[in-house]
Amino acid sequence: MKGPFSKVLLSYIVGLFIIVLIAGLIISTFVENIIFLIAVLFIVFFSVCLLFIRIYNNYILPIEKASNTIKEIGKGNYHARFHYTRNPLHNELSTNINKLARELTEFSLQEQIQSEQLSTLIDNMASGLVLLDERGYIHLVNRKFIDLFGKTEKDYVGSLYYNVLEDETIQETIQKVFLYEGRVKDTFKHYVGIENMYFEISGAPIINERNIPKGVVLVLHDITELKKLESMRKDFVANVSHELRTPITSIKGFSETLLDGNLDDKEAVSQFLEIIYHESNRIQILIEDLLSLSRLESDNFKLVLHKINALELVESLMPALTYKAERKDISFTTEVEDIQFKADKDRITQVIINLVNNALNYTPARGDVSLRIYKEDELVKIEVCDTGIGIPEKDLPRVFERFYRVDKARARDSGGTGLGLAIVKHIVEVHEGEILIDSEADQGTTITVCLPA
Ligand SMILES: Nc1ncnc2c1ncn2[C@@H]1O[C@H](COP(=O)(O)OP(=O)(O)OP(=O)(O)O)[C@@H](O)[C@H]1O
Ligand SMILES: [Mg+2]
C-alpha cells in the first residue's frame with residue numbers, strides 16, 4: 001500500500017488502536033475478567049479494521065487509482081488506462097476515463113499529423129518564410145530562407161530581427177508593417193558569393209481575433225530569373241537598335257550625298273549605290289534572322305519532320321558551300337555517311353550553312369574547313385571543323401548568346417549579325433539535340449551538333 005490514501009488507512013488503524021486501548025483501560029477498572037475484556041476489545045478492533053480495509057478497497061483505492069491515471073494523462077501519457085470493475089459506479093468511471101484517454105490519443109495523433117504536414121509545407125515552400133512576434137523576435141524561418149540567406153535555424157530563432165536579418169530592405173519592410181499595420185511589398189538585391197540575386201519581399205501583420213497585432217509574416221520570392229529575362233529583353237532591344245543604326249546611318253548619308261546632285265562622277269555614284277545595296281542587304285539579313293529566331297521561340301512553333309538523307313542533303317548544298325571556300329582559297333572537304341534521319345530539312349540546312357559559313361568566315365586563306373556527318377550511339381552528328389582563329393576560352397560560354405561576337409569589329413566586317421549561333425542553338429534545342437563546341441584561340445574550332453536519329 002502506497003500513496004496518501006494508504007497512509008490515511010494506516011493512521012485510521014493506529015487511531016482506532018489507541019481508542020480501543022484507552023477504552024480498554026477505562027473499562028478494565030469496572031470489569032474483573034481482564035482476559036474476557038481483552039478478547040472482546042481484540043474482536044472489536046479487528047472487526048473495525050476489516051471494515052476500514054473494505055471501505056478503503058471499495059471506495060478510496062479506486063479514487064486513488066483514477067486520480068493517478070488522470071495525473072498520467074495530464075502529463076501527456078495518453079496510453080494510461082484505469083480498470084476497476086467491482087461495482088457499476090467504478091465501471092462507469094473507468095469506462096469514461098479510458099474513453100477520454102482514447103480520444104486524447106486520437107486528438108494528439110491528429111494534431112501531430114497536422115503539425116507535421118504544416119512544417120513539411122513550410123519547409124518545402126519555394127519561397128523564404130519568416131515569422132516574428134509583436135516584439136520583433138523571430139519565431140520561425142523555413143528551409144528555403146536558410147538556403148538563400150545562409151546561417152542555421154538556431155542563429156535566427158529567438159533573436160531580434162534587426163540583429164540577424166542584415167539586409168536593409170528586410171528591416172525596413174518589417175518596420176513599415178509594424179508602423180502601418182498593413183501589407184508592404186518591396187524588391188531588393190542580395191549578393192550570394194559573387195552572384196547577384198533579386199528578391200521580392202512581402203510583409204503582412206498577423207492580427208488576432210480581437211484585432212490586436214501579434215507579429216509579422218515575411219515571404220521572400222526569388223525573382224532573379226525574372227530580372228534576368230527583363231534585362232535580356234532590354235539588351236535585346238538595345239542591340240537590335242544598335243545593329244540597325246549603323247547600316248541606316250550609312251544608307252541615309254550616301255543617299256543624301258546622291259540627292260545633293262553630285263551625279264556626274266559615274267564611278268562614285270556606282271560606288272555609293274553599291275554601299276547602299278550592301279547595307280540594305282545587311283538590314284534584310286538581320287530582319288530575316290530576327291524573324292527566324294522569333295518563329296523558333298513562338299509557342300505554336302512546330303517542326304516539319306522529313307526523312308533526310310545526309311548524302312543528298314550535302315550534295316544539294318555543295319555549290320553554296322564551296323563558292324565561298326574557293327573565293328577565300330580555303331580547302332573545304334566533306335565526309336558524309338550514307339545515313340537517313342528524321343528532322344526539319346530547312347532548319348538542318350540552316351544549321352549546316354551557318355556553321356560552315358562561320359568556319360569559312362573565321363578561317364584565314366589557305367586554311368582547312370571540313371564537314372562530317374556520321375552516326376554514333378543512336379545520334380546523328382554534324383561536325384564542322386576549321387583551322388581558323390578559334391575562340392578564346394572565356395568567350396566560349398557566350399558565343400550562343402544573341403549578338404555576341406568575340407571580335408566585334410571583325411565579325412561585323414564579315415557581314416555577320418551575331419545571331420547565327422543563337423539560331424543554330426535554338427534549332428538544335430527544338431530537335432531535342434545538343435550542341436558541343438571545342439575551340440582554341442589561333443588553332444581552330446570544332447562544333448558538333450548531336451541530333452537524335
Ligand atoms: N568557327 C569559328 N571560329 C572562330 N570564331 C567563331 C566561329 N564561329 C563563331 N565564332 C565567333 O562567335 C561569334 C558568334 O557567331 P555567330 O555565328 O552567332 O555570329 P556572326 O558569325 O558574327 O554573325 P551571323 O549572325 O551572320 O552568323 C562570332 O562573331 C565569332 O566571333
Ligand atoms: Mg555566323
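On a 1 Å grid over the protein atoms alone, a cavity is a set of points where a 1.4 Å probe fits but cannot get out, and lining residues have an atom within 4 Å of a point. Grid points are joined across faces, edges and corners, and a volume is the space filled by probe spheres set on the points. By this rule there is 1 cavity of 30 Å³ or more.

Its lining is made up of Glu243, Leu244, Pro247, Arg282, Ile283, Leu286, Gly416 and Thr417. Helix H8 and helix H9 (266-297) are the elements that each give two or more residues to this lining; helices here are DSSP runs (H or I, at least four residues), numbered from the N terminus. By class, the lining has 4 nonpolar, 2 polar and 2 charged residues. Ala, Val, Leu, Ile, Met, Phe, Trp, Tyr, Cys and Pro count as nonpolar, Asp, Glu, Lys and Arg as charged, and the others, Gly among them, as polar.

## The second largest pocket

A pocket, by contrast, is an open set with protein on both sides within 12 Å along at least five of seven lines. Two or more lining residues come from each of H8 (224-259), H12 (408-413) and H13 (420-430), with H8 giving the largest share, 8 residues.

## Domains

An automatic or database assignment sets the domain bounds: domain 1 (3-109), domain 2 (125-222), domain 3 (228-297) and domain 4 (305-452). Because domains 3 and 4 both give residues to the lining of the second largest pocket, that pocket lies between them. The C-alpha centres of domain 1 and domain 2 are 60 Å apart.

## Helices H2 and H3

The axes of H2 (residues 34-74) and H3 (residues 88-123) come within 11 Å and cross at roughly 5°. Axes are lines fitted to C-alpha atoms, for helices over the stretch in contact, with angles from 0 to 180 degrees between N-to-C directions. H2 is therefore roughly parallel to H3 (angles under 35 degrees).

Where do they touch? Asn58, Pro62, Ala66, Thr69, Ile70 and Ile73 in H2 meet His90, Leu93, Ile97, Ala101 and Leu104 in H3, contact meaning heavy atoms within 4.5 Å. These residues divide into 8 nonpolar, 3 polar and no charged.

## Conventions

Residues are numbered from 1 along each chain as its sequence is written, with chains lettered from A and ligands numbered from 1 in the order in which they are written. In this predicted model, local features need pLDDT of at least 70, side-chain atom pairs count only at pLDDT 80 or more, and totals for chains, interfaces and linings use all residues, while side-chain values use heavy atoms, leaving out hydrogens and water.

Methods
Angles under 35 degrees count as roughly parallel, over 145 as roughly antiparallel, 65 to 115 as roughly perpendicular and the rest as oblique.
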